[in-house]
Amino acid sequence: MTDHIPFDVEQLRELFPILKRKVKGKDLVYFDNAATSQKPQSVVDAISNYYSTYNANIHRGLHTLADEATAAYEESRVAVKQFVGASSHEEIIFTKGTTEGINLVASSWGRANLNPGDEIIISTLEHHSNIVPWQMIAEERGASIKVIPIDDNGILDMDAFKKLLNAKTKIVSIIHVSNALGVINPVEEIISLAHLNGTLVMLDGAQSVVHLDIDVQKLDCDFMVFSGHKIYGPTGVGVMYGKKALLEAMPPYQGGGEMIKEVTFEKTTYNELPFKFEAGTPNIADVIALKTAIDFINKQGKNRMREYEETLLVYATDKLKSIEGLKIIGDVPNKVSVVSFIIDGVHPQDLAILLDNQGIAVRTGHHCAQPLMKRLGIVGTTRASFAPYNTIAEIDILVSALHKALKMLK
Amino acid sequence: MAETKSITELEQVLIDDFSLFDTWEEKYEYLIDLGKKLAPLDPSYKTEEYKIKGCQSSVWIHSAYKDGHVYFEGDSDAIIVKGLVSLMIMVLSGHTPKEIVDAPLDFINAIGLSSHLAQTRSNGLRAMIKQMKLDAAAWGS
């Protein structure tokens, strides 16, 4: 491992070509990493290299290019398996992203396992992607959704969660790290409580996988989903992990090529795991480049990057708090490098426009978590989310840009 | 007002106004100022019925019809968008339904704000223009 090598942010920045670009004549300050991370050159090259040298459709071809593409595609599956600590590569299903992963589980597992009167537990913190698919299947199956409440800082009410669990609770689907606030949920406790109740747990790992060490066997989650593009990989690729026994018992999600064993007009038999859930020609290039992104993370060391992110978080939290009228939502010890804030009398959209003019990319609005914003009684927040290629100097730029924006708005 | 200047002429006035500004700060300060000075919308129109939902901010537009002309008033919870509401009202209010429906409204591009304000779903500019034209068309029918 690389844990002993001191972290050098300038060296890391060299690996990300986009960080050299200017926005509105100013050096880009990219603080929208929770929406999507930037990509190292190696990931960009992996995509280009695939199309330039061994583009072919995978699995069924009997020629050299197909062999090479298939090998690279399946190597990526093994890399993901190791990355999340799955017990078998058959438990790794490639998807378009987190949203498709949740839809896959809600649709396939839900249709086979949810019955009228059953209950699904989610939380107030959820992204719309972990609300809507469950609403759709709940409506179809006559099940209902129960929501774990939070306090004003975004901390889950675990006593309420315990009370929600009952004989009808079939699954808990919960965001591991809040995309809007950065708060880390106590998923270990949630999983053990749910399992004691005979309830499955799916983790929405979209925001956690890039920051936290993930070992699905140690966590003992039943499903976990995440996106490639938030972990320095390409858009359009994601992962759905599921315990093998569960996946084997689930019906296919979509029908088509790749997922079949034998097709006749009378009856089709389905392929084995993981192919049963990967109908059609997959996103080969981006799956392959996902491995390159994982290689990048492994080489840099997640712990090393996280330690550095922590210094950015502490510094930014401290500096931002000094701005008059600014309030951080989710100012709790157990969080990732995300600062979500509101400023008295200032609409987040106005801030975003004025920050963009100063070359700074932040995200504002409801962060696809409207029920959370409603619970907090706000229209939205301004969210700065940090990656290891960000710097203390950039945080200073943000703070002075905020001062300037506020002066213009007052 | 409406008798003296056409929509195109009013657009040109704004283009000329904005061309005096050298920096983005001046343009936005002007827009913010327009937002602050916009005549308040009668609270009875600040309802769901008159609301145009953007992804991030809300806009309310109310129109009235008098002597063949459409008159707009509006509001937004975000001040820069409120400035845009003010611009749209300056240009469109007091004209005939046909003039409003036919207005190309090129000035948004010409004043150099469009890259932030027109292209993304994060603001309701496009929706605002569409609603104002729909209102005008309804009055004209």
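Begin with chain A and chain B together: between them they bury about 1,600 Å², 56% of it on carbon and sulfur atoms. Buried area here is the accessible area (1.4 Å probe) that two parts lose on being put together, summed over both. The size of an interface is often given in this way, as the accessible area lost when the parts come together. The model is predicted: local features need pLDDT of at least 70 and side-chain atom pairs count only at pLDDT 80 or more, while totals for chains, interfaces and linings use all residues. Residues are numbered from 1 along each chain as its sequence is written, chains are lettered from A and ligands numbered from 1 in the order in which they are written, and side-chain values use heavy atoms, with hydrogens and water left out.

**The interface**

Next, select the residues in contact (heavy atoms within 4.5 Å). Chain A contributes 18 residues and chain B contributes 18 residues. The rule finds one salt bridge across this interface, a salt bridge being a side-chain nitrogen of Lys or Arg within 4 Å of a carboxyl oxygen of Asp or Glu. Select Lys404(A) and Glu25(B) to display this salt bridge, in which the closest N and O atoms are 2.4 Å apart. Seven residue pairs, both at pLDDT 80 or more, are in polar contact across the interface of chain A and chain B. A polar contact is a pair of N or O atoms within 3.5 Å; within protein, one must be able to donate a hydrogen and the other to accept it, and residues adjacent in sequence count only if both atoms are side-chain atoms.

On the side of chain A that touches chain B, colour helix H12 (348–356), strand E16 (363–365) and helix H14 (392–409), each of which supplies at least two residues. H12(A) gives the largest share, five residues. Helices (H or I, at least four residues) and strands (E, at least two) are DSSP runs, numbered from the N terminus. By class, this side of chain A has five nonpolar, seven polar and six charged residues. Ala, Val, Leu, Ile, Met, Phe, Trp, Tyr, Cys and Pro count as nonpolar, Asp, Glu, Lys and Arg as charged, and the others, Gly among them, as polar.

**Chain A as a whole**

Of the 410 residues in chain A, 58% are buried, where buried means under 20% relative accessible area, exposed over 50%, and partly exposed in between (1.4 Å probe, protein chains only). Among contacts in chain A with a separation of 6 or more, 71% join residues 24 or more positions apart.

**Individual salt bridges**

The structure holds 25 salt bridges over all chains. Select Arg77(A) and Glu74(A), whose closest N and O atoms are 2.8 Å apart. Both residues are buried, and they are separated by about one helical turn because they lie three residues apart in helix H3 (residues 64–84) of chain A.

Move to Lys168(A) and Glu119(A), a salt bridge with its closest N and O atoms 3.5 Å apart. This pair links distant parts of the chain, 49 residues apart: Lys168(A) is in the loop between helix H6 (158–164) and strand E7 (169–175), and Glu119(A) is in strand E5 (residues 119–123). Lys168(A) is partly exposed at 42% relative accessibility, whereas Glu119(A) is buried at 7%.

Finally, in chain B, select Lys82(B) and Asp75(B), a salt bridge with its closest N and O atoms 3.3 Å apart. Lys82(B) is buried, with a relative accessible area of 17%, and Asp75(B) is buried, with 7%.
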